[in-house]
Amino acid sequence: MKNILTLLAAIMLCCSQAFAQSRIQQSHIEANVPSTSEFRPLLERDLLAYFRASGTPSVTTVQFKLLREGPTQSGVSYPKYYAWVKALAGANALKEGAVRVAAIQRNRFEITHFIPLQEIKSNPSEIGSIFPASLVPEVLSLAGATK
């Protein structure tokens, strides 16, 4: 009986820790992810600024496709989003590739990683070090690369 009670106490402790971690993660999402109506405009703005500041000042628009609808939340870091992005000047694609962004304080995104299409094709095994394993096949498919 004592062993069963000890086991139950251990299970309850683990569950309560997992629940507390989940609440903390949810609070980071709520504190940092923009509202649905502001999400796309803010992400477009910050992607455009990123490409213009990183050597492609002629970019006029960006197009992106989220690879996962919701954020990825690890511990107490900023919530991350993963997307396939094209930086355009008019109708011409100047840059294309996979991007990881962090949502910060509900009013901006920080681009943490941009992996250009050619880099994905030439070094596909590196994608897994930045993107979740479940997204790697889609990134490789969008790039026309194989692992």
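Biologist: Is Asp 46 buried or exposed, and what is its relative accessible area?

Modeller: A residue counts as buried under 20% relative accessible area, as exposed over 50%, and as partly exposed in between, with a 1.4 Å probe and protein chains only. Asp 46 is buried, with a relative accessible area of 11%. Please keep in mind that this is a predicted model, in which local features need pLDDT of at least 70 and side-chain atom pairs count only at pLDDT 80 or more, while totals for chains, interfaces and linings use all residues. Residues are numbered from 1 along each chain as its sequence is written, and side-chain values use heavy atoms, with hydrogens and water left out.

Biologist: How many helices and strands are there in the chain, and in what order do the elements run?

Modeller: Helices (H or I, at least four residues) and strands (E, at least two) are DSSP runs, numbered from the N terminus. The chain has 4 helices and 4 strands, and from the N terminus on the order is α-α-β-β-β-β-α-α. Of its 147 residues, 36% count as buried.

Biologist: With which residue does Asp 46 form a salt bridge?

Modeller: A salt bridge requires a side-chain nitrogen of Lys or Arg within 4 Å of a carboxyl oxygen of Asp or Glu. Asp 46 forms one with Arg 45, the closest N and O atoms lying 2.8 Å apart. Arg 45 itself is partly exposed, at a relative accessible area of 42%. A search of the whole structure finds 2 salt bridges.

Biologist: Which residue does Glu 138 bridge to, and which parts does the pair tie together?

Modeller: Glu 138 forms a salt bridge with Lys 65, where the closest N and O atoms are 2.9 Å apart. Glu 138 lies in helix α4 (residues 136-143) and Lys 65 in strand β1 (residues 61-66), so the pair ties together parts that are 73 residues apart in sequence. Glu 138 is partly exposed, at 27% relative accessibility, and Lys 65 is partly exposed as well, at 42%.

Biologist: Which residues of helix α2 are buried, and against what do they pack?

Modeller: An α-helix has 3.6 residues a turn, so residues three or four places apart point the same way. In α2 the buried residues are Phe 39, Leu 42, Leu 43, Asp 46, Leu 47, Leu 48 and Phe 51. They pack against β1, β2 (80-89), β3 (92-104) and β4 (108-116). Contact here means heavy atoms within 4.5 Å.

Biologist: What distance does helix α2 reach from its first C-alpha to its last, and what follows the helix?

Modeller: The expected span of a helix is 1.5 Å times one less than its number of residues. Helix α2 (residues 36-53) has 18 residues and reaches 26 Å, close to the 26 Å expected. It is followed by Gly 55, whose phi is positive, near 95°.

Biologist: How are the rings of Tyr 50 and Phe 114 placed?

Modeller: Their centres are 6.4 Å apart and their planes at 65°, so this pair is edge-to-face. It links distant parts of the chain, with Tyr 50 in helix α2 and Phe 114 in strand β4, 64 residues apart. Phe 114 counts as buried, at 15% relative accessibility. Elsewhere, Phe 39, Tyr 81 and Phe 109 form one aromatic cluster.

Biologist: Where is Gln 73 placed, and what is it in contact with?

Modeller: Gln 73 lies in the loop between β1 and β2 and is buried, at 12% relative accessible area. Leaving aside neighbours within four places in sequence, Gln 73 is in contact with Gln 25, His 28, Ile 29, Tyr 78 and Pro 79. Gln 73 and Ile 29 are 44 residues apart in sequence and 7.3 Å apart in space, C-alpha to C-alpha.

Conventions:
Rings of Phe, Tyr and Trp (its six-membered ring) pair if their centres lie within 6.5 Å; planes under 30 degrees apart count as stacked, over 60 as edge-to-face and the rest as tilted.
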